[in-house]
Amino acid sequence: QVQLVESGGGLVQAGGSLRLSCASSGSMFSISAMGWYRQAPGKQREFVAVISSGGSTNYVDPVKGRFTISRDNAKNTVYLQMNSLKPEDTAVYYCNAAREGTGWYWGDYWGQGTQVTVSS
């Protein structure tokens, strides 16, 4: 089992920055990739960014050039640095972990989410 706890959300003005953190614990040796997803009110949850155990990354187009995903393996923590935030980035952001052999995306493990609100 893997436990994920997000932090770092909050209220920020458009153009501002936030850094989200996802602290993980449990059977991390079985995890191939960690990612961030978000869900805005009235919308489906969507993929934002992913980082593999080897450090490869991928992003959804609307955040490319603004968001950066990284990981500190010693701390079992994944980060999402969000710059140039826009009101449309407002959502609950969820951390996700995918097990080895199941691909990188939409893994089995989820955090509880952290709210990000961007005011115009």
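Are Asp89 and Arg66 buried or exposed? In this predicted model, both are buried. Their side chains meet in a salt bridge, with an N to O distance of 2.8 Å.

Arg38 and Glu46 form a salt bridge of their own, and here the closest N and O atoms are 2.7 Å apart. Arg38 counts as buried because its relative accessibility is 7%, under the 20% limit. Glu46, at 33%, is partly exposed. Searching the whole structure turns up five salt bridges, among them one between Asp61 and Lys64 at 2.9 Å for the closest N and O atoms. Asp61 is exposed at 60% relative accessibility, and Lys64 is partly exposed at 45%.

As for the strands, four of them make an open sheet with antiparallel pairing, in the order 1-3-8-7. Strand 1 (2–7) and strand 7 (67–72) are the edges, each pairing on one side only. Within the sheet, neighbouring strands are turned by 15° on average, ignoring direction. Strand 3 (residues 18–26) and strand 8 (residues 77–82) run antiparallel and are joined by six bridges, with Leu18 opposite Met82.

Met82 turns up again in the largest nonpolar core, which has 28 residues; Met34, Trp36, Leu80, Met82 and Tyr93 touch the most other members. Strand 9 gives the largest share, four residues.

Conventions
Residues are numbered from 1 along each chain as its sequence is written. This is a predicted model: local features need pLDDT of at least 70, side-chain atom pairs count only at pLDDT 80 or more; totals for chains, interfaces and linings use all residues. Side-chain values use heavy atoms; hydrogens and water are left out. Two strands pair if DSSP finds at least two bridges between them. Helices (H or I, at least four residues) and strands (E, at least two) are DSSP runs, numbered from the N terminus. Axes are lines fitted to C-alpha atoms, for helices over the stretch in contact, and angles run from 0 to 180 degrees between N-to-C directions. A nonpolar core is a set of buried Ala, Val, Leu, Ile, Met, Phe, Trp, Tyr and Cys residues joined through side-chain atoms within 4.5 Å. Buried means under 20% relative accessible area, exposed over 50%, partly exposed in between (1.4 Å probe, protein chains only). A salt bridge is a side-chain nitrogen of Lys or Arg within 4 Å of a carboxyl oxygen of Asp or Glu.
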